Amino acid sequence: MVALSVILFPPLLIAFLLVMERVEEPLRRPASSAREVSEFLNTATPGEVDTLATSGIRRALSRWRRRRHSARRSDNPPMV
């Protein structure tokens with residue numbers, strides 16, 4: 001029994017470390033730049049602020065980016 005645990009412990013530990021590295025990778029990256037966050041705070045709608053409070057900065061910024069992207073599209077209609 002001891003021999004089995006000695007043989008299985010290193011591969012299981014390495015597998016656990018590899019899984020944890022994948023989990024931690026998105027947490028190490030910053031959500032966005034400071035300029036983008038300050039612009040978000042200046043121009044966010046009440047719905048986006050609610051998203052910030054309930055779901056966090058990543059989801060709120062993605063919602064804000066979608067709104068800005070769709071607003072840019074409507075500002076520049078295609079020329080016919």
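The model I examined is a predicted one.

**Entry 1: the aromatic pair**

I searched the whole structure for aromatic pairs and found 1. Phe-40 and Trp-64 form this pair in an edge-to-face arrangement, with 5.8 Å from centre to centre and 85° between the planes. I then looked up where the partners lie: Phe-40 is in helix 2, and Trp-64 is in helix 4, which covers residues 57–75.

I next checked the accessibility of each partner. Phe-40 has a relative accessibility of 0%, so I count Phe-40 as buried. Trp-64 is likewise buried, because its relative accessibility is 0%.

**Entry 2: Glu-36**

I located Glu-36 in helix 2, which runs over residues 34–43. Is Glu-36 buried or exposed? I record Glu-36 as buried, because its relative accessible area of 16% falls under the 20% limit.

I then listed its neighbours. Leaving aside residues up to four places away in sequence, Glu-36 touches Leu-61, Trp-64 and Arg-65. With Arg-65 there is also a polar contact between the two side chains, at 2.8 Å.

I followed up Phe-9, which lies in helix 1, residues 2–28. Phe-9 counts as exposed because its relative accessibility is 54%, over the 50% limit.

Methods: Residues are numbered from 1 along each chain as its sequence is written. This is a predicted model: local features need pLDDT of at least 70, side-chain atom pairs count only at pLDDT 80 or more; totals for chains, interfaces and linings use all residues. Side-chain values use heavy atoms; hydrogens and water are left out. Helices (H or I, at least four residues) and strands (E, at least two) are DSSP runs, numbered from the N terminus. Buried means under 20% relative accessible area, exposed over 50%, partly exposed in between (1.4 Å probe, protein chains only). A polar contact is a pair of N or O atoms within 3.5 Å; within protein, one must be able to donate a hydrogen and the other to accept it, and residues adjacent in sequence count only if both atoms are side-chain atoms. Contact means heavy atoms within 4.5 Å. Rings of Phe, Tyr and Trp (its six-membered ring) pair if their centres lie within 6.5 Å; planes under 30 degrees apart count as stacked, over 60 as edge-to-face and the rest as tilted.
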